[in-house]
Structures are given as C-alpha cells and as structure tokens.
Amino acid sequence: MERNDTTGSWDSIVIGGGAAGMSAALTLARARRTVLVVDAGGQSNLVASGIRGLIGHDGRSPADFYAAGRAELAAYPTVDVRDGTVTRAVREEDGTFRAVLEEHGDQRAKTMVLTPGMEYRRPQLPGLDERWGGSVFHCPFCHGWEVRDRRLAVLAEGAVGVHGALNLRTYSDRVTLLTNGAELTGPQRDQLAAGGVGLDERPLRALEGPGTDLRAAVFEDGTELPVDALLVKSYLHQRSSLALDLGATLTGSNEMLGVEAITVDAMGATGVPGLYAAGDAATSVPPSVAAAVASGYLAGAAASVHLAAGY
Ligand SMILES: Cc1cc2nc3c(=O)[nH]c(=O)nc-3n(C[C@H](O)[C@H](O)[C@H](O)COP(=O)(O)OP(=O)(O)OC[C@H]3O[C@@H](n4cnc5c(N)ncnc54)[C@H](O)[C@@H]3O)c2cc1C
C-alpha cells in the first residue's frame, strides 16, 4: 500500500496535525490505512517554552515535539502530512467525505477525523497577550510548578474565580483573586478568606513588567499589586464551522471547564457515520497534550475499525 496522492482519495483525512491529529494518523497508519493529514501549523501551545506534565516529554519544546511526531509519521508509507488549511468539508450523499484544501484542491476519503484544536479566548487587558503562555497562563497543571512560591494572582469572576484561586494555593501561599470590577457574594468572600486567598475587586487598567515578565497588575486608580504570574480564565471555542457543516453537534458551553466541544462518545465517534473527532475540539476534560494524544489514538482506532467493517 502506498500513499494515494495521485487520485486524492484516502481511507481517512485527518484535519489538524497537532498531538491529537498525529496520534490518530499514527494509529491509522499502523493499521495500514492511507491517511492524509492536513495541518495549518497553529498548535495552541506553540507560544509556550515547554510542554509540561507529559510523561516522557516533560518540558520539551512544543515545536520539537511536533517535529518528532511528523518524523515518526514519515516512516509509514501510507501517510502524507501536508501543510495547509481545509476551508470546507462535505459529507457526500454516498457517505464519503470531501475536504476542500486551500493549497491542494479537493481530497476525498471514506472517513474523516477532526482534530483542529480550539481557539483559547482570554480576557482583554493591555499587557496580557504578550505574556500569554509564559507569566500569564490558563492551566495550573501546565504552568503552576514553574511559578511555585511566587506572588500569584487569578483574573476571573464568580465561582470560577474562587475555584481557580483556591486551587492555586497548592502552588503558593501568596495568591490574590482579581475580579476586575465584579463583586463576589458574601459566602464566596468567606470561602476565599478561609482558604487564605486575597481579594481585590477593583477594575484593572493593565499588566506591567519588563519584557514578557510580569511585575504588577495596575488598577484603574493607578495603584499596583505586585504579581509575578497570573492565571486567567480562558474559554475554548471551535476554530471553524467544519464540525457543524458535517452534521456533528456541539456540547453546551460548560462554564467551569470553559469549553464548547464537538459531541463524541468515548472512542471519538460523532454520531455521523465515518466522522470522528478528538483533542481539544472534542474534549470533555481539562485540555492537555496527554489527553489529546490519548483521544487521537482512540479516534484513529475507531476509524480503522469502521473501515474494516466495510463501510
Ligand atoms: C499557551 C498554552 C500552553 C499550554 N501548555 C500546556 C502544557 O504545558 N501541557 C499540556 O499538557 N497542555 C498544554 N496546553 C494545552 C495543549 O496545548 C492542548 O490541549 C493540545 O495542544 C491540544 O491538541 P490538539 O491536537 O487537539 O490541538 P492543537 O495542538 O491546537 O492542534 C490543532 C492543529 O490543527 C490545525 N488546524 C485547525 N484548523 C485547521 C484546518 N481547517 N485545516 C488544517 N489544519 C487546521 C491547527 O493549526 C493546529 O496545528 C497549553 C495550551 C496553551 C494555549
């Protein structure tokens, strides 16, 4: 079996070549399926200096990790990984799939695996974007260890903010919740006080510090709170309408997790025959590279079994 790049017809097309997509492709390749992976090269953690909490790769640079994944896939003769963007995807009347690629024309497949990742929307505050993935982070499990015992703050409101700030106390005994003008309830304030977390409800003006380091949160009134690292609540949104266009559905927005994901079963099946999804785009758990690798593996296996059944 060889790559099927002359007719543009594959056993499976994987949309997105991050941890989930490459994991799905590897599983399909090892089952001797022809696979096209199309990747726009925008993995969400590329801005971070290292991937944390991934056993065997703890601290490895994301770019290095993705290059290693591509090198491993290159050893399999039935996989083709192409840089590019799928602009449209269609499920044809005969149940096959068609992907429209900006750079490589139409490609067809019997199955499709959606692994496009998510857009991480973060609060708008001057000085925040340039520190994202470093001194401003969204996941304590990914970045908490690196800022342990420092002066930490959490930028979020309501129950989400209280939960995030109390969780951050694991890493430091100097934690302040910043609500940026929103007020907490009495019981929420009591909860924070009992947990040893500071609270400041004043509106914020900006984040400041040298380069991408953080030294202070500046309030509208001009006063400052010294801060070395800031946890912000980010909300994950689909990067495109591909899943909906193909007939998949989205879960309702989960406020605490902050994710509106593609609905899948434990193996990544969307309910549309032949269509699978994995990684951040279909997650129902806190997003991570480890979870993306695992769910991609399962979706690849499920797509292969679907093909074996003769669909
Ligand atoms: C700043 C930051 C730091 C993080 N740090 C960590 C950490 O330390 N440890 C950890 O475990 N997790 C971390 N995470 C979470 C982790 O990065 C994600 O959970 C994981 O990368 C999800 O993998 P994925 O394959 O689902 O998506 P992604 O890695 O986002 O990959 C999706 C790929 O699909 C491509 N794509 C999208 N749409 C299309 C299309 N239409 N056509 C072609 N290609 C497309 C994208 O460009 C991208 O290359 C971090 C996240 C962020 C934002």
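## Hairpin, sheets, helix packing and ligand shell

Strand 4 and strand 5 make a hairpin with five residues between them, and Gly95 in the turn has a positive phi of about 90°. The model you are looking at is predicted: local features need pLDDT of at least 70, side-chain atom pairs count only at pLDDT 80 or more, and totals for chains, interfaces and linings use all residues. Residue numbers start from 1 along each chain as its sequence is written. Helices (H or I, at least four residues) and strands (E, at least two) are DSSP runs, numbered from the N terminus. Two strands pair if DSSP finds at least two bridges between them.

**The hairpin**

- Five bridges pair strand 4 (residues 86-91) with strand 5 (residues 97-101) in the antiparallel sense.
- Ala89 has Ala99 in strand 5 as its bridge partner.

- Three strands form an open sheet in the order 12-13-14, and the pairing is antiparallel.
- Strand 12 (204-208) and strand 14 (224-226) are the edge strands of this sheet, each pairing on one side only.
- From one strand to the next, the twist averages 20°.
- Strand 12 and strand 13 (residues 216-219) run antiparallel and are joined by four bridges; Glu208 has Ala216 in strand 13 as its bridge partner.
- Another open sheet has five strands in the order 8-15-9-10-11, with parallel pairing.
- Strand 8 (136-137) and strand 11 (198-200) stand at its edges with a single partner strand each, so one side of each has no neighbour in the sheet.
- Strand 9 (residues 152-155) and strand 10 (residues 175-178) run parallel, joined by four bridges; Val154 has Leu177 in strand 10 as its bridge partner.

**Helix 1 against helix 2**

- The axes of helix 1 and helix 2 (residues 62-74) come within 10 Å and cross at roughly 15°. Axes here are lines fitted to C-alpha atoms, for helices over the stretch in contact, and angles run from 0 to 180 degrees between N-to-C directions.
- That angle makes helix 1 roughly parallel to helix 2 (angles under 35 degrees count as roughly parallel, over 145 as roughly antiparallel, 65 to 115 as roughly perpendicular and the rest as oblique).
- Their crossing is left-handed; a crossing is left-handed if the near helix is turned anticlockwise from the far one by less than a right angle, and right-handed if clockwise.
- Helix 1 brings Met22, Ala25, Leu26 and Ala29 to meet Gly69, Glu72 and Leu73 of helix 2 (contact means C-beta atoms, placed from the backbone, within 7 Å).
- By class, this contact has five nonpolar, one polar and one charged residues. Ala, Val, Leu, Ile, Met, Phe, Trp, Tyr, Cys and Pro count as nonpolar, Asp, Glu, Lys and Arg as charged, and the others, Gly among them, as polar.

**Helix 1 against helix 7**

- Helix 1 and helix 7 pack with their axes 7 Å apart, at an angle of about 35°, and their crossing is right-handed.
- The contact of helix 1 with helix 7 has 13 nonpolar, seven polar and no charged residues.

**Around the ligand**

- The ligand is surrounded by 39 residues, of which the closest are Gly16, Gly18, Gly42, Gly117 and Gly279 (a residue is near if its C-beta atom, placed from the backbone, lies within 6 Å).
- Helix 1 (19-30), strand 2 (35-39) and helix 7 (289-308) are the elements that give two or more residues to this shell.
- By class, the shell has 18 nonpolar, 17 polar and four charged residues.

Methods. Two residues are in contact if their C-beta atoms, placed from the backbone, lie within 7 Å.
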